[in-house]
Amino acid sequence: MTPDQATALAGRIEAQLNQVLIGQPAITRQVMIALITGGHVLIEGVPGLGKTLLARSLARVLELDFQRIQFTPDLMPSDVTGHVLFDSQTGDFRVRKGPAFTNLLLADEINRAPAKTQAALLEVMQERRITIEGETFSLEPPFVVLATQNPLDQEGTYPLPEAELDRFLFKILIDYPSQEDETRMVEMVLDGRLPDSLDAAQLTPEANAEAILALGRQADAVIIDRALVDYILRLVRATRDHPSLVQGGGPRASIALARTAKTQALLAGRDYVIPDDVKQVAAPVLRHRLRLGVDADIEGQTVETVLEQLLEQVEAPRQ
C-alpha cells in the first residue's frame, strides 16, 4: 500500500461513517486516527448522540470482529475477560472466553460499573492479552477498545481510575448536533434514508483487519522533524507547570501526541508532520490526562480553556 492509497482508503472509510454519524466529521476523523494508531478511545456524551452507532458502523465498514459489553453496577470482571467452566461430559475444565476476545470492543457506559470491573480492562488494554486462571491468551491485532461514558454529574456513575484513563489514547467529546444537522438527520429518518435504529447494515465494507494494520505501517513511516518533537515536549511540559492544573501530561502523553500527529498527517495526504497536525490532536490526547485545581474550577475555568491557552502560548516552529 502506497501513501496515496492509504490516504484514499482512509477517506472512503470516513465517508462511510459520516453517512450515519450526521454532522460529526471531526469525531469520525479522531476515531480513525486512534484506530490506525492502535490506541483506545473514551467517548463522552449524553445518551442518544450516536456513540454506540459509531462503534457498530466502524465494525461494519472495516469487517472487524465486534463485541459489545453493557457495563452495569453488577457486572463482574469475568463477564469481560471470561472464566473457566467444568465440562461434566468430559470431566475437564475448559476456558470460556469473554467478549474481550475480539478486534473492536465497545464498552458501553463504562463508568456505570464499579472500579473492580473497570480494572479488568487494564491488562487487556495495555498488554493486549488476557489471563484466565493462570493461562494467558494474546489477542489478535488490531485490538481497540471504544469505551463510552456518561458525564460524571449523572446519577449512578463512577469516575474512572486515573491509571485506566491514561490507557486511552483519545478522549472524544460528542455534543448535540447543530440545528441544521439535526434537521437533516430527522428528514433522512422520515424519508427512510437513515434507519431509526442502531443498524449499520446499509454501509459498505471498505477494508479488513490487515488493511488497518497496513494503514498503521504507513503512519509509522510519516516523517516528524526534531523541531516538532521539541514543540510536542514543550507543550506537554507546559501542562505540568500551569497554575490552573494540579496534574499535567506524562511521557505517555508526549508519545501519543507524536504518534497521532503522524497519523493525522497521513489522513491529510502528507508524508510529513506540520504544527497544525499536532494542534488537531492535542485536545483529545491531553484532556483526560489533565486535572484542574479547585481554585481554577471555582473561577469557572475548564480543562478545555486551559488547553486553548497553552496552544496559543507555546510557540510552534515555523514551517
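This report describes selected features of a predicted model, from its nonpolar cores to individual residues in its loops.

## Nonpolar cores

In soluble globular proteins, nonpolar side chains tend to be buried together. The largest nonpolar core in this model has 70 residues. Leu-58, Leu-62, Phe-170, Leu-257 and Val-278 are the members with the most contacts inside that core. Helix 10, which covers residues 251–267, supplies the largest share of this core, with eight residues. Apart from this core lies another of 24 residues, and Phe-101, Leu-105, Ile-130 and Phe-168 are among them.

Leu-62 shows how such a residue is placed among others. When neighbours within four places in sequence are left aside, Leu-62 is in contact with Ile-13, Leu-35, Ala-207, Asn-208, Ala-209 and Ile-212.

## Helix 2 against helix 10

Helix 10 also meets helix 2, which spans residues 25–37. The axes of the two helices come within 9 Å and cross at roughly 115°. The crossing of helix 2 and helix 10 is right-handed.

On the side of helix 2, the residues in this contact are Arg-29, Met-32, Ile-33, Ile-36 and Thr-37. Their partners in helix 10 are Arg-259, Thr-260, Thr-263, Gln-264 and Leu-267. Sorted by class, the contact of helix 2 with helix 10 has four nonpolar, four polar and two charged residues.

## Helix 5 and the residue that follows

Helix 5 consists of 13 residues, 115–127. Several residues of helix 5 are buried, namely Thr-117, Gln-118, Ala-120, Leu-121, Val-124 and Met-125.

Just after helix 5 comes Arg-128, with a positive phi of about 55°. Arg-128 belongs to the loop between helix 5 and strand 6, the latter formed by residues 129–132. Arg-128 counts as partly exposed because its relative accessibility is 26%, a value between the limits of 20% and 50%.

Most residues other than glycine have a negative phi, and most peptide bonds are trans. Arg-128, a residue other than glycine, has a positive phi. Glu-63 is likewise not a glycine, and its phi is positive at about 50°. Glu-63 is located in the loop between helix 3 (51–62) and strand 2 (66–70). With a relative accessibility of 53%, Glu-63 counts as exposed, since the cut-off for that class is over 50%.

The peptide bond from Pro-141 to Pro-142 is cis, and its omega is near -5°. Pro-142 sits in the loop between strand 7 (135–138) and strand 8 (144–149).

## Buried residues in a strand and a helix

Thr-148 is part of strand 8. Its relative accessibility is 0%, and Thr-148 therefore counts as buried. Not counting residues up to four places away in sequence, Thr-148 touches Ile-43, Lys-51, Leu-106, Ala-107, Asp-108, Glu-109 and Ile-110.

Asp-181 lies in helix 7, which runs over residues 179–190. Asp-181 has a relative accessible area of 16% and is buried, because the limit for a buried residue is under 20%. Beyond residues up to four places away in sequence, Asp-181 touches Ile-22 and Gly-23.

## Buried residues in loops

Leu-160 occupies the loop between strand 8 and helix 6 (162–165). This residue is buried, with a relative accessible area of 10%. Although Leu-160 and Asn-111 are 49 residues apart along the chain, their C-alpha atoms are separated by 6.3 Å. Asn-111 is one of the residues that Leu-160 touches; others include Leu-42, Ile-110, Gln-118, Gln-149, Leu-165 and Phe-168, with residues up to four places away in sequence not counted.

Arg-289 is placed in the loop between helix 11 (275–286) and strand 11 (291–292). At 4% relative accessibility, Arg-289 counts as buried. Leaving aside neighbours within four places in sequence, Arg-289 is in contact with Asp-166, Phe-168, Leu-169, Gln-247, Gly-248, Gly-249, Arg-252, Ala-253 and Ala-256. Arg-289 and Val-46 are 243 residues apart in sequence, and their C-alpha atoms are 21 Å apart in space.

Notes. Residues are numbered from 1 along each chain as its sequence is written. This is a predicted model: local features need pLDDT of at least 70, side-chain atom pairs count only at pLDDT 80 or more; totals for chains, interfaces and linings use all residues. Side-chain values use heavy atoms; hydrogens and water are left out. Helices (H or I, at least four residues) and strands (E, at least two) are DSSP runs, numbered from the N terminus. The expected span of a helix is 1.5 Å times one less than its number of residues. Buried means under 20% relative accessible area, exposed over 50%, partly exposed in between (1.4 Å probe, protein chains only). A nonpolar core is a set of buried Ala, Val, Leu, Ile, Met, Phe, Trp, Tyr and Cys residues joined through side-chain atoms within 4.5 Å. Contact means heavy atoms within 4.5 Å. Axes are lines fitted to C-alpha atoms, for helices over the stretch in contact, and angles run from 0 to 180 degrees between N-to-C directions. A crossing is left-handed if the near helix is turned anticlockwise from the far one by less than a right angle, and right-handed if clockwise. Ala, Val, Leu, Ile, Met, Phe, Trp, Tyr, Cys and Pro count as nonpolar, Asp, Glu, Lys and Arg as charged, and the others, Gly among them, as polar.
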